[in-house]
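Me: I would like to learn how to read strand pairing and helix packing. Where do we begin?

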Amino acid sequence: MNAEVPFDFSTGQLGVIHQDKPVLYLSHWLTRGYRAAVTSGRDFVVLSPPDSAITLPLEELLARPGCQWVVATADGRFFDATAGALLHWTGDGFESTGEPANEFLAAPSNQGHIRVHAETMHPASANTRVGTFCGRIFTELTGAEPIGWGLVEPVSELWDTAELNSYFRNRAPMPTTAVVIGQPRRGTGAPSIATLSLERTSRGVLEIVTFMAESVEPVPEHELEGFARAMHDARARHAVLGHGLGHVNLNRPACFTGVTVPGCALFGPETLESAGPAKALEAAGDGQLVGTHPFASLVVTYPTDPVADRSHPLAAYDELVAALAGTARNNYWPHQDDQET
């Protein structure tokens with residue numbers, strides 16, 4: 001293996017790193033491979049056996065354009081571990097056959113989890129403290145601040161927002177993505193985990209958090225509402241908490257894991273700017289306004305059980321986003337079909 005370009009195999013089109021491990025994580029080696037692929041204009045592929053799973057940070061990396069998680073089966077077939085399609089090797093890269101792999105259609109795990117996607121815009125000020133928004137999410141959903149952070153897994157630093165701010169300022173205006181870990185939710189065993197993205201923009205500093213924690217049962221409605229109100233207090237531009245199944249200890253296996261179903265959503269003042277609070281509330285149908293104009297947020301909770309004459313929560317959420325943002329799809333929530341290639 002070339003010490004400068006850490007691919008196990010490469011063509012003019014892609015660079016491949018093989019990982020024969022039960023759990024694949026965002027290591028120094030994989031981030032180095034990703035950077036080498038981008039620098040050389042190649043796609044980046046992580047190749048694994050079918051019984052491997054990937055962590056949230058690696059899942060987020062492989063969701064980027066030009067990245068793919070490919071499984072090699074014992075009989076020499078390949079399939080896309082995210083979308084499930086069988087792949088054909090062309091001699092220079094992988095092409096989808098359009099046919100599903102049987103391994104991908106295997107019954108998923110019934111372990112439950114919650115997933116949060118939330119973002120806030122900090123003012124461009126010397127007093128701005130990034131990471132506090134991320135810490136609030138962990139506190140609300142695990143009862144404790146994060147434990148540690150780092151650029152790769154396993155994380156190397158204890159949680160310290162002052163240190164995180166110092167690192168970000170030294171890198172700015174380059175964006176920063178970090179891995180954050182925390183305590184498990186009560187009654188579960190897997191440590192909570194998140195990715196934290198920080199980017200300086202013309203309007204301030206954008207902080208985006210994707211968080212996961214095990215959850216034996218769906219989060220009850222009163223806790224969902226409390227979380228959404230906490231996001232309003234934290235000045236979130238947008239936050240959505242959903243319930244999902246299919247992961248194992250918060251790691252995604254190489255099979256269909258279903259979709260994450262929204263449990264609650266918050267649309268902050270910036271999101272309501274164009275529609276206005278009253279029209280946003282009307283579009284939600286069953287929501288409530290928190291705060292007062294011009295600092296009002298819309299909070300919506302969705303039932304965990306089917307309700308007659310009501311849209312499925314995923315459809316209702318999509319429709320509301322479309323009404324508020326003027327688009328039929330949204331950038332706030334990762335749908336299963338958004339991940340297909």
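Reply: Start with terms. Two strands pair if DSSP finds at least two bridges between them. Strands (E, at least two residues) and helices (H or I, at least four) are DSSP runs, numbered from the N terminus. This is a predicted model: local features need pLDDT of at least 70, side-chain atom pairs count only at pLDDT 80 or more, and totals for chains, interfaces and linings use all residues. Residues are numbered from 1 along each chain as its sequence is written, and side-chain values use heavy atoms, with hydrogens and water left out.

Me: Which residue takes a positive phi in the hairpin of S6 and S7?

Reply: Gly-76, with phi near 90°. The hairpin has 5 residues between the strands. S6 (residues 67–72) and S7 (residues 78–80) run antiparallel, joined by 3 bridges. Ala-72 stands opposite Phe-78 in S7.

Me: In which sense do S4 and S6 pair?

Reply: Parallel, over 5 bridges; S4 spans residues 43–48. Ser-48 faces Val-71 in S6.

Me: Why is S6 largely enclosed by the rest of the structure?

Reply: Because 5 of its 6 residues are buried (under 20% relative accessible area, 1.4 Å probe, protein chains only).

Me: And how do I describe helix packing?

Reply: Two packed helices are described by the angle between their axes and the distance between the axes. Here H3 (residues 132–142) and H5 (residues 221–233) have axes that come within 10 Å and cross at roughly 160°. Axes are lines fitted to C-alpha atoms over the stretch in contact, with angles from 0 to 180 degrees between N-to-C directions. H3 and H5 are therefore roughly antiparallel (over 145 degrees).

Definitions and conventions: Parallel < 35°, antiparallel > 145°, perpendicular 65-115°, else oblique. Buried < 20%, exposed > 50% of the residue type's maximum accessible area, 1.4 Å probe, protein only.
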